[in-house]
Amino acid sequence: MRILNRREFLKYSLTAGAAMALSACENMPEQSNQPLSQNTEHAKGRRKVVIIGGGVGGATAAKYIRKADARIEVTLIEPKISYTTCFGSNWVVAGIKDFAGLEHSYQDLREKYGVKILHDSVTQIDPDKRKVITQDGRNLYFERLIVSPGIDFHWNEIVGYTEEVSYEFPHAWQAGEQTKLLIRQLHAMRNGGTVIIAPPRDPFRCPPGPYERASMIAHYLKQHKPRSKILILDAKDSFSKRTLFLQGWEKTYGYGTDHAMIEWIPAAQDGRVLQFDPINKTVYAEFGKQKADVINIIPAQKAGQIAHSAGLTDETGWCPVHHRTWESSKIPHVHVIGDASIAGGLPKSGYAANSEAKVCALAVVALMNGQQVRVPSWINTCYSLVTPLYGISVAMVYKVNEKDEIYAVDGAGGVSQSDYDGVAGNKLAEAIYAKNWYENITADIFH
Ligand SMILES: Cc1cc2nc3c(=O)[nH]c(=O)nc-3n(C[C@H](O)[C@H](O)[C@H](O)COP(=O)(O)OP(=O)(O)OC[C@H]3O[C@@H](n4cnc5c(N)ncnc54)[C@H](O)[C@@H]3O)c2cc1C
């Protein structure tokens with residue numbers, strides 16, 4: 001295989017994210033002050049990239065490095081045989097999608113792009129010897145390492161909500177068995193039951209996610225258990241697309257009336273949950289105690305465990321990086337992308353992780369080839385469904401300034417129109433875009 005030139009790369013890059021990354025490269029001045037020397041690496045002739053985590057960030061980076069320069073050997077280390085997307089997992093609750101439709105195999109990455117897939121877990125990163133050590137005792141050497149391990153949780157910050165308890169009362173914030181369990185619990189719930197959702201403090205994976213989950217559960221309950229109720233007990237006073245969600249809930253779930261199916265209690269109204277008693281299925285919020293039939297606590301979050309043990313995190317619990325390359329500002333030659341990284345204005349979303357991964361992939365290829373890293377830009381769109389036929393979104397384009405800070409480009413994004421009565425058709429169109437987005441992004445990551 002040969003290196004693709006820029007025109008060919010653009011041709012093969014089907015999503016807006018890749019196109020954005022490259023078009024920005026063409027339009028902006030080149031970066032001159034790279035954090036690391038490039039030529040010495042090139043001279044050593046090592047051609048190996050290791051990637052930790054075969055989720056959105058890791059899988060995208062693997063594919064795009066191989067597309068940009070197939071002389072580079074890429075090994076993707078991921079314990080799971082297939083990847084289950086978190087995005088779309090709320091839709092399974094509402095019966096819009098099958099659980100099996102969330103699962104994606106690594107076959108195309110292996111066979112079409114020549115990525116070496118290793119089903120194992122990294123337990124240690126040795127930056128001096130530039131190697132990782134896996135649970136099965138393998139040593140893998142790298143010239144550049146990309147770390148995309150997703151999130152881990154602050155257990156017991158809500159007293160009583162431990163990892164062990166989460167197997168019975170699922171957070172379902174890493175899609176898989178816990179998603180299935182939450183759905184089984186909702187199916188088993190009586191008509192007239194109460195569901196509690198407790199979203200975490202910022203920052204966390206998928207800012208609109210808990211509220212889309214409330215919407216999808218409400219859609220299911222409205223059809224099957226209409227006397228039931230969802231209480232959102234929030235650690236915050238606002239949330240992503242709040243106006244749009246509240247309007248959607250008013251229209252479809254009686255929000256704000258005596259018969260509301262969804263009630264949202266923000267921190268300012270003492271909604272924050274402090275403690276959980278699993279035996280009595282009771283949460284203790286600042287306003288007092290509340291019993292429920294199904295309880296979905298989504299704990300506060302931090303970078304995936306390996307980022308902590310490797311020393312890639314700072315006091316925030318997330319990983320600081322140089323944004324033009326996503327190289328760690330703590331450990332040279334190690335790049336961190338996706339939810340685990342500190343990404344300025346970019347949200348912790350799958351779309352953002354995909355966009356970051358492409359920028360990182362091109363930077364890694366440039367650094368390994370002794371070329372200059374170009375100035376990138378990023379794109380993010382987050383769709384949410386209020387009902388299967390009612391979608392809303394937030395979209396933004398991001399650039400990086402000379403201080404290496406990522407900023408949202410004025411006028412280059414926004415949220416759906418909020419006057420839904422006047423533009424009801426847009427909500428249907430956005431629901432269709434949401435489903436198409438799922439197909440496009442998973443094709444871009446895995447196929
Ligand atoms: C309910 C829900 C709905 C969502 N909806 C949307 C949406 O509509 N749009 C959107 O853009 N985003 C959405 N997201 C967010 C999106 O899923 C995440 O932002 C995205 O998955 C982040 O990618 P990542 O690569 O950082 O982490 P992940 O995709 O979680 O991948 C991390 C991978 O690393 C592996 N790993 C961890 N540690 C190790 C180790 N030591 N060794 C080897 N492998 C390891 C894990 O097994 C995992 O496969 C949603 C999230 C949730 C929970």
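These legends go with close-up views of salt bridges and of the ligand site in a predicted model.

Local features need pLDDT of at least 70, side-chain atom pairs count only at pLDDT 80 or more, and totals for chains, interfaces and linings use all residues. Residues are numbered from 1 along each chain as its sequence is written, and side-chain values use heavy atoms, with hydrogens and water left out.

**View 1. D69 and R47 meet in a salt bridge.** Here the N to O distance is 3.3 Å; a salt bridge is a side-chain nitrogen of Lys or Arg within 4 Å of a carboxyl oxygen of Asp or Glu. D69 sits in the loop between α4 (56-68) and β2 (73-77) and R47 in the loop between α3 (39-44) and β1 (48-52), so the pair ties together parts 22 residues apart in sequence. Helices (H or I, at least four residues) and strands (E, at least two) are DSSP runs, numbered from the N terminus. D69 is buried at 0% relative accessibility, while R47 is partly exposed at 21%. The cut-offs are under 20% relative accessible area for buried, over 50% for exposed and in between for partly exposed (1.4 Å probe, protein chains only).

**View 2. D339 pairs with R205 in a salt bridge.** Their closest N and O atoms are 2.5 Å apart. This pair links distant parts of the chain, 134 residues apart: D339 is in the loop between β21 (334-336) and α12 (350-368), and R205 is in the loop between β11 (194-198) and α9 (209-224). Both D339 and R205 are buried.

**View 3. R272 and E286 form a salt bridge.** The closest N and O atoms are 2.9 Å apart. R272 belongs to the loop between β13 (262-265) and β14 (273-277) and E286 to the loop between β15 (282-285) and β16 (288-291), so the pair joins parts 14 residues apart in sequence. R272 is partly exposed at 35% relative accessibility, and E286 is partly exposed at 34%.

**View 4. The ligand is surrounded by 34 residues.** Each has a heavy atom within 4 Å of the ligand; the closest are E78, Y83, R205, G350 and Y351. A polar side-chain atom of E78 is 2.6 Å from a ligand oxygen, and a polar backbone atom of G350 is 2.8 Å from a ligand nitrogen. Domain 1 (6-17 + 31-152 + 302-374) and domain 2 (155-299) both give residues to the shell, so the ligand lies between them; domain bounds come from an automatic or database domain assignment.

Definitions and conventions
Polar contact = N/O pair within 3.5 Å; in protein donor to acceptor, adjacent residues only side chain to side chain.
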